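Let's take a walk through this chain, from its helices to its sheets and cores. Have a look at the fold before reading on.

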Amino acid sequence: MADISIPGLNSKYNTEELIKGLVEVERVKLTSMEDKIETFESEKTIWQNFNRKISSLRASSKSLYGFENPFSDKLVNSSNERLLTAIADRDADEQEMSFTILKTAAADKFISPSLPENEKVPPGRYGFKVGDDEFSLNYRGGKLSDFARRLESKSNGLLKLTVVKDTSDTQVILFESTKTGLDNRLVFQEDALSWALDKELIRPSETDDVIFPLDPASPEGGQSLFLEAESSRTVSLSADVPVESGMFLEYTIRVSELDPSIRKTPEPPEPKLPETASAKFQGIEVKSEGSKADIPLWEAPPLPPIKTDTIPGYIKSAAGDIALPPLPADGNSDAVDVRIPLTDGFVSAVELVNGNTLKEITVSDMRIVAPRTADGYAAVNPLSTAGNALLDFNGIKIERDTNEIDDLIPGITLNLNRADPDEEVDIKVEPDIESAKEEIIKFVYNYNQAMTQILILSTDNTDIVNEIEYFSDEEREKAMEDLGTFRGDITLMQLKNRLRRITSSPYSTSLERELSMLSQIGISTNAGVGGGGSVNVSKLRGYLEINEDVLDQALRTKSSAIKELFGKDTDGDLVIDSGVGHEMDSFLNPYIQTGGILPNKITQLDGQIADTNDDIDDYKEYLADYEADVKRKYGTMEGMLNQLESSSSSLDSFNQQNNK
């Protein structure tokens, strides 16, 4: 029986292999287009990586001359950070200052006596006040711990409460205000006042104000004292007043300016001549002519110099004389209230001084006040009492209600950590050299990264890759793959030459020739040969190196000129127009900006990839149609051959039957 062949399913003519071979021939073009896609994708990745390196270099350049350049950063060094630290902003002046911290600002903090473990807080409206802020809690009654938790939540951060078991069967509650300053005392109000008095947290204050007798001649001691120009008075207390923590001296002072025209030297009176004697002769009185004297023209002597003194007096205390705060700057102003925290010891008197020629001073209502007398109550067990910070700055007493003082020295925030009246703390504001050095190192690093990539892509010299010691094996392998990818590319050649020129050119600074190039601060290509050795070819390729000793010394002594080296306004229009950083930024911007040279290259590759993908899709459709057409034609051919073979077999059978 003859072999059965069904066209399209099997073939004795091996048409499947023939069709496959024909399709593979046509697929060569598709493979070529797919290879082209891979090439485009690889080039796109390379340009993207290169764009990132150039962008990093530009960012580093801009950071060295822009608004946030590190040369304006300031660092504050303290001789005793345990007592005082400080932070300086970019506008702070370089300077040295000394402070003595007499007191740090404190908040009210006191603890209750031991209470039973099962202590209950009765229902009521518990009101509190911290400075100008008030809050209250309508409490239904309950455990002390529950009361503390609810009250702290209600205080909006003004009050902290802690309940602690001081023994196995008793507990205490700690009240702590979160606001420092004399004006931010913790005050109990409404039911909180009666509860605190009952539990002996507070008690009525026993301290009375001590009033200075400003006018002893007055029957009631007087509450006002007038000091004419260039006069002084000492006001003594009947007995030394002990000073406790939190006490202060307060008074009101008014300054009046005098008209300078009143300063005249009085003209001396004319001399009085004695009357001449008379005589009598025969009852007739004969008077002599009166005495006469030639009086010279009087010339006023020069006026004494005008005296000025801003210190109105001194507190006489155990710690010595303490200067009163300076007089108000504006004369003829309204009366000014003054309050001075007192240090521990005692106060015996106040010496009031008007050392001014053209000012009159009136002092009134001078008294020593205990801080807890304002509401009439004091803590029974105070851990700290609300009080202001007090520090000595150049002999001037500075008072603030916080330990973070940012309004004393422009651009500087002082942080008072601890008080020590016996130690003077020096602080020095100077440029933040380390920050500037880090930014310069980052600039050199990004420059070398960009230069390395340019050299790898633009040449096929394997020495370039082998010379780079910091490459990992994976990075070295990748660099070898990319080597010479864009050999002869004009963009890369222009970049390389211009980058070298920017970093080796001189720029205008205030030090002129003493500092005008990067090499003068220790940054150069270091292409010289030292010690008679051979030339290090890798150092001739344009990489930058840093001599840290030279850079450190330059930053310490020439910081402002180094800032100008990277960016300077040379024409006075307040716009930076010169410097390494400015030139680098201006040159690189067209390469990386939106629509720039490198983004355009990437966009072009995206377009080529998209076009090629479209061609691939079209060609795949063509291959599918081509394969189907070839299969159809070969199927038809096989069918015809099978029919011919069938006819031939029928003829052979017929002939054989006729021959029998």
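Predicted model: local features only at pLDDT ≥ 70, side-chain atom pairs only at ≥ 80, totals over all residues.

Residues are numbered from 1 along each chain as its sequence is written, and side-chain values use heavy atoms, with hydrogens and water left out.

**The helix pair**

Start with helix 4 (residues 433-458) and helix 7 (residues 490-504), whose axes lie 10 Å apart at an angle of about 145°. Helices here are DSSP runs of H or I with at least four residues, strands are E runs of at least two, and both are numbered from the N terminus. Axes are lines fitted to C-alpha atoms, for helices over the stretch in contact, and angles run from 0 to 180 degrees between N-to-C directions.

**Two cores**

Helix 4 also matters for the next stop: the largest nonpolar core has 60 residues, and helix 4 gives the most to this core, with 11 residues. A nonpolar core is a set of buried Ala, Val, Leu, Ile, Met, Phe, Trp, Tyr and Cys residues joined through side-chain atoms within 4.5 Å. Buried means under 20% relative accessible area, exposed over 50%, and partly exposed in between, using a 1.4 Å probe and protein chains only. Phe50, Ile440, Leu499, Ile521, Ile562 and Phe566 have the most contacts inside this core. Helix 1 (15-63), helix 7 and helix 11 (597-658) are among the helices that each supply at least two residues.

What does Phe50 touch, leaving aside its neighbours within four places in sequence? Phe50 is in contact with Ala450, Gln453, Ile454, Leu457, Leu492, Leu495 and Leu598. Another core lies apart from the largest one; this other core has 27 residues, among them Phe212, Leu225, Ile361 and Val363. As a general rule, nonpolar side chains in soluble globular proteins tend to be buried together.

**Strand 24 and its partners**

Next up is strand 24 (residues 359-369). Two strands pair if DSSP finds at least two bridges between them.

| Partner of strand 24 | Bridges | Opposite residues |
|---|---|---|
| Strand 14 (residues 210-211) | two bridges | Ile211 and Arg367 |
| Strand 15 (residues 224-227) | four bridges | Leu227 and Ile361 |
| Strand 17 (residues 248-257) | nine bridges | Glu250 and Arg367 |

Elsewhere, three strands form an open antiparallel sheet in the order 8-7-12. Strand 8 (133-139) and strand 12 (186-190) are the edges, each pairing on one side only, and the twist averages 25° from one strand to the next. Strand 7 (residues 124-130) and strand 12 share five bridges, with Lys129 partnered by Val187. Helix 2 (residues 144-154) lies across strand 7 and strand 8, at about 140° to strand 8. Helix 3 (residues 191-198) touches strand 7 and strand 12, making about 110° with strand 12.

Is Glu424 buried or exposed? Glu424 counts as exposed because its relative accessibility is 52%. Glu424 sits in the loop between strand 30 (412-416) and strand 31 (425-431). Glu424 and Ile101 are 323 residues apart in sequence, with their C-alpha atoms 7.7 Å apart in space.

Terms used: Contact = heavy atoms within 4.5 Å.
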